[in-house]
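Subject: Structure handover and notes

Hello,

Here is the structure we discussed, with the sequence alongside. My notes follow below it.

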Amino acid sequence: MIPHTAMVLAAGLGTRMKPLTNDRPKALVQVRGKALVDHVLDRLVAAGVKRAVVNVHAFADLLEAHVRRRTDIEIVISDERAQLMETGGGIRQARPLLGDDPIVVCNIDSVWEEPNGSAIARLAQSYDRARVPFRLMLASMEECLGFEGAGDFFMNENGVLTFRGDMPRAPWAYMGAYIMDPAIIDSEPLQPFSMTPVWRKLAVEGQLFGAPLGGYWMHVDDPRARAEAEARLASAAPGA
């Protein structure tokens with residue numbers, strides 16, 4: 001079942017994207033004529049998500065005005081103007097807006113191809129909060145650009161994830177989207193924090209799962225990666 005609500009993490013400062021973020025938030029940097037936040041919102045709409053909670057901080061007024069123009073998905077703003085809450089803290093602060101059903105969470109610096117249909121819809125397939133409380137969407141290290149790491153995870157035949165740890169490489173990279181039971185963060189403090197320690201705790205308990213993206217992932221985190229993503233999208237476009 002496709003979650004009704006998504007959380008879009010759009011409050012980042014975008015320092016690696018300068019000078020493109022000198023006058024706008026990272027979420028409004030365009031890739032092939034479309035703002036990063038709209039790339040994500042379009043994927044959510046295509047999957048059947050009806051409502052997006054978008055957090056704002058840098059150039060908050062610009063971003064809020066932009067996303068509120070959407071008429072194909074309900075937009076709810078989680079205001080972080082006073083303090084940037086990071087990835088985990090942003091979800092924790094927005095918790096009253098998210099409801100108690102499973103949610104999709106997306107970063108805004110990920111653009112991806114979907115040769116096999118909606119990746120978010122496939123991520124949600126067979127999701128069961130009792131058995132699989134947290135499922136990350138993962139890109140193959142052979143099908144990504146703009147990601148400079150050596151891979152993040154190993155995944156077994158049941159989709160259970162383990163971190164790369166001391167291994168020199170891992171075959172899967174977290175690509176910026178996941179589905180979760182929001183109750184997982186209810187015990188976390190209302191303060192800025194990263195989701196990574198939460199993931200590590202779940203991994204130790206055997207409760208962190210993954211699902212393949214099944215397409216090419218572009219991590220658009222700096223001007224060079226943006227240019228590379230635009231070149232790939234242009235080459236893949238009909239008539240290009």
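Throughout, buried means under 20% relative accessible area, exposed means over 50%, and partly exposed is in between (1.4 Å probe, protein chains only). By that scale Lys-26 is buried, with a relative accessible area of 10%.

Some ground rules. This is a predicted model, in which local features need pLDDT of at least 70 and side-chain atom pairs count only at pLDDT 80 or more, while totals for chains, interfaces and linings use all residues. Residues are numbered from 1 along each chain as its sequence is written, and side-chain values use heavy atoms, with hydrogens and water left out.

Salt bridges

The structure holds 22 salt bridges, a salt bridge being a side-chain nitrogen of Lys or Arg within 4 Å of a carboxyl oxygen of Asp or Glu. Helices (H or I, at least four residues) and strands (E, at least two) are DSSP runs, numbered from the N terminus.

Asp-221 takes part in two of the pairs I looked at. With Arg-16 the N to O distance is 2.4 Å. Arg-16 lies in the loop between β1 (5–9) and β2 (30–31) and Asp-221 in the loop between β14 (217–219) and α7 (223–236), so this bridge ties together parts 205 residues apart in sequence. Asp-221 also pairs with Lys-26, where the closest N and O atoms are 2.5 Å apart. Lys-26 is likewise in the loop between β1 and β2, so its bridge to the loop between β14 and α7 joins parts 195 residues apart in sequence. Asp-221 counts as buried at 12% relative accessibility, whereas Arg-16 is partly exposed at 47%. Arg-16, Lys-26 and Asp-221 belong to a salt-bridge network that also includes Asp-109 and Asp-222.

Another bridge joins Arg-51 and Glu-74, with the closest N and O atoms 3.7 Å apart. Arg-51 is in strand β4 (residues 51–56) and Glu-74 in strand β5 (residues 74–79), 23 residues apart. Arg-51 is buried at 14%; Glu-74 is partly exposed at 43%.

Nonpolar cores

A nonpolar core here is a set of buried Ala, Val, Leu, Ile, Met, Phe, Trp, Tyr and Cys residues joined through side-chain atoms within 4.5 Å. The largest has 41 residues, and Val-8, Val-37, Leu-44 and Met-137 touch the most other members. Helix α1 gives the most to this core, with five residues. Apart from it lies another core of 26 residues, among them Val-53, Val-76, Val-105 and Phe-193.

Contact means heavy atoms within 4.5 Å. Not counting residues up to four places away in sequence, Met-137 touches residues including Trp-112, Ile-120, Tyr-174, Tyr-178 and Leu-213. Leu-213 sits in the loop between β13 (208–212) and β14 and is buried, at 0% relative accessible area. Beyond its neighbours within four places, the contacts of Leu-213 include Trp-112, Arg-122, Met-137 and Met-175.

Helix pair

The axes of α1 (residues 36–47) and α2 (residues 60–67) come within 11 Å and cross at roughly 35 degrees. Axes are lines fitted to C-alpha atoms, for helices over the stretch in contact, with angles from 0 to 180 degrees between N-to-C directions. Val-37, Asp-38 and Leu-41 in α1 meet Leu-63, His-66 and Val-67 in α2.

Regards
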